[in-house]
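Thank you all for coming; please have the sequence and the model open while I talk.

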Amino acid sequence: MNLGFVGVGRMGSNMARRAKDRGYHVTAVYDSNRKAATDLAGELSAAACQDLSDVTAQADIVFTVVSDDAAMREIFSGSSDNLLVNARGKLFVNCATISPQVHVEVEQLSEKAGAQALEACMASSITQARDGTLYLMCGGREDTFRKAEPVLKELASTVRFIGKAGEAAKVKALVNMVMNINTAGLAEGLGLGAALGLDLTMLREVFGQTGAASRVLQTDGEDMQNREHSCFFSAAHAAKDSGIALSLARELGLDLPLARATKDQYDRMIAEGLGDLDKSGIAELTFKDRHKHSGDHI
């Protein structure tokens, strides 16, 4: 089975490497960053396609890992070139965190072209993409899911079918909304602890043994303390994903004050030039002695 990958940044490239390790033929890759595509293509002996339609022509299943709603719409409905040119019989597995409605639109466009589409939202990071332990939440037609399931199980330790198109994206938006709130709360707790003169290593240990424990504490707590914000999940993506959840809430007439406050913090990071830092960089806004958010120490 031939696989193609569209969007070969940190996640897409490592998913492609994992697929090749598991015996799949990665035949075609594409990225708006041409160098990223050519470098990965050379590593995997694949074609670095200049046109999206060439990816479709060379692959049976095409994985897409793009940045946002606009990018997703462009690769599936761009006027000059898109993935649905001569796409009959092809399967598209879409892994980006985007608005649920866009996944619905992509499924409809794909079926009109004689193809199938499945959303496979990832609740994981770069390391999990490389070692095949992603957590995938899938949405679409169940027969499409069953067709994709064998390859998905080579990329993930958990593959969960949520329901029709858009439903997995809703769950993913809530996962990231709660994760972002937890991250902001941890940053405030550690920031206040530092201002009080507490030993932060001790404080993190206490947090981990009490009701303050969280997955974010394990992944981000030490990084916040040590100002190590190498990017695994960027502040800019955190802002985008919290925004998706807030849009869903607005449609239902719900007010989510914690989600709003968290998005405001990540928007502030972007405004101050910190959007490319890992989400743990939100601590730069909460520690009393970190009011200058730039310099070699970050």
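This is a predicted model: local features need pLDDT of at least 70, side-chain atom pairs count only at pLDDT 80 or more; totals for chains, interfaces and linings use all residues.

The structure holds 3 aromatic pairs, where rings of Phe, Tyr and Trp (its six-membered ring) pair if their centres lie within 6.5 Å, and planes under 30 degrees apart count as stacked, over 60 as edge-to-face and the rest as tilted. One of these pairs is formed by F5 and F63, which are stacked, with 5.1 Å from centre to centre and 10° between the planes. This pair links distant parts of the chain, since F5 belongs to strand β1 (residues 2-6) and F63 to strand β4 (residues 61-64), 58 residues apart; helices (H or I, at least four residues) and strands (E, at least two) are DSSP runs, numbered from the N terminus. Both F5 and F63 are buried, where buried means under 20% relative accessible area, exposed over 50%, and partly exposed in between, with a 1.4 Å probe and protein chains only.

Residues are numbered from 1 along each chain as its sequence is written, and side-chain values use heavy atoms, with hydrogens and water left out.

Now to the charges. Where does D278 lie? D278 is found in the segment after α12 (257-271), and D278 is buried yet has no salt bridge, the nearest side chain of opposite charge being K279, 4.7 Å away. Here Lys and Arg count as positive and Asp and Glu as negative, with His and the chain ends not counted, and a salt bridge is a side-chain nitrogen of Lys or Arg within 4 Å of a carboxyl oxygen of Asp or Glu. Leaving aside neighbours within four places in sequence, D278 is in contact (heavy atoms within 4.5 Å) with several residues, among them D220, H229, C231 and M269.

That brings us to the cysteines. A search of the whole structure finds 0 disulfides, a disulfide being a pair of cysteine sulfur atoms within 2.5 Å. C138 counts as buried because its relative accessibility is 0%. For C231, the closest cysteine sulfur is in C95, at 18 Å, again too far for a bond, and C231 counts as buried at 18% relative accessibility.
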